[in-house]
Amino acid sequence: MYIVGTSGHIDHGKTSLIRALTGIDCDRLPEEKAREMTIDIGFAQIDYPKFGTVSIIDVPGHERFIRNMVAGAWGIDLAILVVAVDDGWMPQTEDHFRVLSLLGVERMVVALNKIDMADAEMIGFVGAEVEEKLAGTRYAGSDVVRVSSRTLEGIADLKEIILRNLRKLPKAANAERPYLYVDRVFASKGYGTVVTGTLRNGAFRENDELTLLPERRMVRVKKIESHHHGMQEGVPSQRTALNISGASVEELGRGHILVRHNFFTESGDVLARIEILEKRRAIKNNMGIEVLIGTTTIKGKLILLEEVPEDARVFSGRIRFDGPWFFYPGQPFILTNPGGFRIVGGGTVVLAGSADRKRIRALLPELGGCTREDVAHFIIAAGGFIKRADFLKMFPDSEKHVAALADTLVASKRILALGDLFVHAAFAE
C-alpha cells in the first residue's frame, strides 16, 4: 500500500486536517492535548473503496521537534504540505519542504488550509506564493487544494486528489528484503512487546525470525496488525505493528531496526554525497552535526574531503560518528546542527566502513551523481574489487535487481567480472 504524511508550519492545521479527512485525532499524548500542539508523530488511515487502506502519519511542526518530524517523514510516499492562508509560507514550511525533497519523497499535494479565515485576495496571494516556491523543484506542478478543516469545505476534493496522486505512484517494491525502522514500542497486556513502524521492501509474516539491530539479536514475529486489524503478513509501505518475542520493551526504542535478510553494514563512519542548505561558509571541517537517518539520530562530525567552492551546494564528505550504526548504500539522511533545531542539509550514504582515504580522494571525481549505478560503481572502485556474493547482499534491492545493476556496469566497461569477483577496470590494469 502507500504512506501519506503531513508536513508544515506549527498551527497551520495538520492534525485538524487529518481529523477532517479521517475522523481520527492523531494527538494521543496528554501533553499534546493540554498544549494543543503536536509533539510526536501520530497515525490515522483512510479507507478507499476498491483501492484499500492508506496509512497517514501526522508530524509536529515546531522546530524543537524536527527529529520527530523526520522520524515520521522518512518512509512516506505522498506528502500533504499544509499551508494556512492566514499565515502563508513560514519558516517550518520551508524546513519541512526541504526535508521532503532531501528524503526523496515521490509526490506532494499542497493543502491551503483555513480558507474560512481569509478573504479571496489573501487566499490568491498565498496560492501564488506556494506556486512560486514549488517552481523549479521536483514538486513543480503539484496539486494545490483549498480547504478548511473547520468547515470541511474542500475536504472531499482533497480526499479524491490524494487518491488520484496515489494512483500515479509506482507499486510499493517487494524486494524480499523487508525492514522496519521502529518508531514506537509498548507492552500489550496478554501479548508482550509490540513495536510499530513503516514496513518497507518486502513482507513480514507470522513466525518469521528477524534480526534486531543494533543488538544483532534474533526475535520472532508472533502477531501482525495494521491499524488494529490482524493479518498473517505485513505488506510493503504499510503501517505495521509487530508483536515479537525475544526482546523486552526496556531493550527496544525508536530507531531500532528489524530486518529479515540483513543488508545493513555496521560502521562508525560513512562516505556520503551531501547537499547543504546553508551558505558554504557555515560548513566547517570537523564540525559537530547530527544525522537523522530512518527513525534514529546519531551524533558525529563532518569531515570535508575536497575543496568546496563558496557557491557549492553539493559535495562529498565523510561523517565520523560517536559510535557505530547501520547503513546501506543509497540511504538518504538529514543533517542538523547539534541539538537538532536547525537543518543544515541532507545527503545520501555512498560507502559505509573503512576504505583507503588516499584512494577515496582520488576517486571522488568519478562519483558524479548519486544514482544507484554511480554508488555501486564507486563502492567497487573504492576497494578495487569486491566478491560478487558480498556485492549482491549489500543493497536493499532484490538480488536479481543488483545482479542486473552489475551487468550494466560490466557492459559499460566500468568494472570487470573476473570469476567470483567484480573488479574496477582501472584497478585491473
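These legends describe close-up views of a predicted model. Local features need pLDDT of at least 70 and side-chain atom pairs 80 or more, while totals for chains, interfaces and linings use all residues. Residues are numbered from 1 along each chain as its sequence is written, and side-chain values use heavy atoms, leaving out hydrogens and water.

**View 1. Six strands form a closed barrel.** The order is E16-E19-E18-E17-E20-E21, with antiparallel pairing. The twist averages 40° from one strand to the next. Strands are DSSP runs of E of at least two residues, helices runs of H or I of at least four, both numbered from the N terminus; two strands pair if DSSP finds at least two bridges between them.

**View 2. Helix H7 (residues 357-367) packs on the sheet.** H7 touches strands E16 (265-276), E18 (296-304), E19 (314-327) and E21, where contact means heavy atoms within 4.5 Å. The direction of H7 makes about 130° with that of E19; axes are lines fitted to C-alpha atoms, for helices over the stretch in contact, and angles run from 0 to 180 degrees between N-to-C directions.

**View 3. Phe 97 and Tyr 139 form an edge-to-face pair.** Their ring centres are 5.7 Å apart and their planes at 65°. Rings of Phe, Tyr and Trp (its six-membered ring) pair if their centres lie within 6.5 Å; planes under 30 degrees apart count as stacked, over 60 as edge-to-face and the rest as tilted. Both residues are buried, meaning under 20% relative accessible area with a 1.4 Å probe, protein chains only.

**View 4. Phe 321 and Phe 327 are stacked.** The distance is 5.2 Å centre to centre, with 20° between the planes. Both Phe 321 and Phe 327 are buried.

Conventions:
Buried < 20%, exposed > 50% of the residue type's maximum accessible area, 1.4 Å probe, protein only.
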